[in-house]
Each structure stands twice: as C-alpha cells, then as structure tokens.
Amino acid sequence: MLEVLLPQRCVVCGRGGTQLCPGCLAGLPRIEAPLCERCGLPTAWPVRRCRECAGRRLAFASARAAVRYDEAVRSFVAAWKERELRRLAAAAASVVLEVVAPPRGEAVTFVPADPDRGLKRGHHPPGRFAEALAREWQLPLVASVRRRAAKRQRGLSRAERRRNVAGVFAARGEVPRSLVLVDDVFTSGATANAAASALRKAGAHRVEVVTFARVVR
C-alpha cells in the first residue's frame, strides 16, 4: 500500500522503484589508489603526505573515504541527511566495505550531531552508518565523542572551519586505545581532526577516520 501511495524514487536519477537504483549505486565515483598515506587524498603516485595535509598537525593516523563528492554523491548525502531516508546508510556502508580496507581499530565510534540539528532531524546519519560498518567489521560500537553546538561548517573557508570546531568535541567515558572514527563526508578534515584530537587527549593512541565521501579539489 505504501509503495502505491508513496512510490520510491532514486535519490540520484529520479527513476521509480527504489531509493537508490543499481545503476546509480554502481556509478558513484569510487576513490582508487594511489592515495596519500595519511589523509587519503587521491594522488598521482603514493605519498606519505600530500598538498592537503603537509605541514598540518593531524590527530588521526589515517583517513579513508569510499567515493568522491560530486553532484550524484551530493544528492545521495542530501537525501540521506535532510530527508531522513535511513535505508541509505546501508547503501553507503556497502560502498565503504567494497572500497576501504578493514581498519585496525578495537572499536567504532562516530562524529556526533550538533545538539540542535540532531534534535530537529530525529536521527543521526553517521550514527546509523557507523552501526552498519561496526556490524560488518565485527567491532563494538561506542559513543565515545560528545559535542557542543557550533556554527555550521557549510560555506566556511578551511581556516574558518578549523577555528569553528576548536574545542567543540570532548571524549565521553573510557576511551579505547584504538578507534575507527566514522563520519559521512570529509571536506577539509577539520571536523574529523577535532574529534580525533579529543579522543587522543582522553587516551586513545590511534584514531583511523573512515567516511563515505570525500571532497577532492
């Protein structure tokens, strides 16, 4: 009955039948090697540090993403986050499992929602995404990070993004020594780095960042 009254359409191409059609799922632009060893940026050849992360103090040991952030991925992420199409978390996780090597962490955690926006949405996409990945990686899922409200990152420069998230995150409870920190999109790395820094200050020795998408400039 629901399919008759509210037919599903692909969030990328708009065709009816499913929230993400097989063709659009297959067409999401996977990120392939060679990569920067530290931040995961696609490069012409393997490097330990690239133009994106050279000279920066990074709290995470590595960052990896499954797809490049293009128009199709933007439509996917917008539907996932803003339209509360929660089944898309499983699709995002399936692409990460296809592209990203299993991490070495003892547990999985995630970048928490801004308190105000999380309350308005009623769900938190990175949390469900992290849950799906933790289940497939057979690792425990822990809510190790908390955050206070901050200005939205959208539209800010890289320097403004770093300042905006400075001090926003703090560790929650006992922190495992090695963690996989999950988020939806890696843009400048400021949010992931600030959350990883809070985990490191609380005793984590190694933090690996895994995201569904990454902005590639």
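**Cavity, pocket, helix and core**

Cys39, Glu52, Cys53, Arg56, Leu58, Phe60, Phe186, Ser188 and Arg214 line the largest cavity. The model is predicted, and local features need pLDDT of at least 70, side-chain atom pairs count only at pLDDT 80 or more, while totals for chains, interfaces and linings use all residues. Residues are numbered from 1 along each chain as its sequence is written, and side-chain values use heavy atoms, with hydrogens and water left out.

A cavity here is a set of points, on a 1 Å grid over the protein atoms alone, where a 1.4 Å probe fits but cannot get out, and lining residues have an atom within 4 Å of a point. The count comes to one cavity of 30 Å³ or more. The largest cavity has a volume of about 40 Å³, a volume being the space filled by probe spheres set on the points, with grid points joined across faces, edges and corners. Its lining splits into five nonpolar, one polar and three charged residues; nonpolar covers Ala, Val, Leu, Ile, Met, Phe, Trp, Tyr, Cys and Pro, charged covers Asp, Glu, Lys and Arg, and the others, Gly among them, are polar.

Next come the pockets, open sets with protein on both sides within 12 Å along at least five of seven lines. The second largest pocket has a volume of about 320 Å³. Of its 18 lining residues, Ser62, Arg64, Val100, Ala101 and Glu208 are the closest to the centre. Strand E1 (62–68) and strand E6 (206–214) are the elements giving two or more residues to this lining, and E6 has the largest share, with four residues. By class, the lining has 11 nonpolar, one polar and six charged residues.

Helices (H or I, at least four residues) and strands (E, at least two) are DSSP runs, numbered from the N terminus. In helix H3 (residues 71–82), the end C-alpha atoms are 16 Å apart, which agrees with the 16 Å that its 12 residues should span at 1.5 Å a residue; the expected span is 1.5 Å times one less than the number of residues. Val73, Ser75, Phe76, Val77, Ala79, Trp80 and Lys81 are the buried residues of H3, buried meaning under 20% relative accessible area with a 1.4 Å probe, protein chains only. Just after H3, Glu84 takes a positive phi of about 60 degrees.

Phe76 turns up again in the largest nonpolar core: of its 38 residues, Phe76, Phe129 and Phe212 touch the most other members. Such a core is a set of buried Ala, Val, Leu, Ile, Met, Phe, Trp, Tyr and Cys residues joined through side-chain atoms within 4.5 Å.

Methods. Buried means under 20% relative accessible area, exposed over 50%, partly exposed in between (1.4 Å probe, protein chains only).
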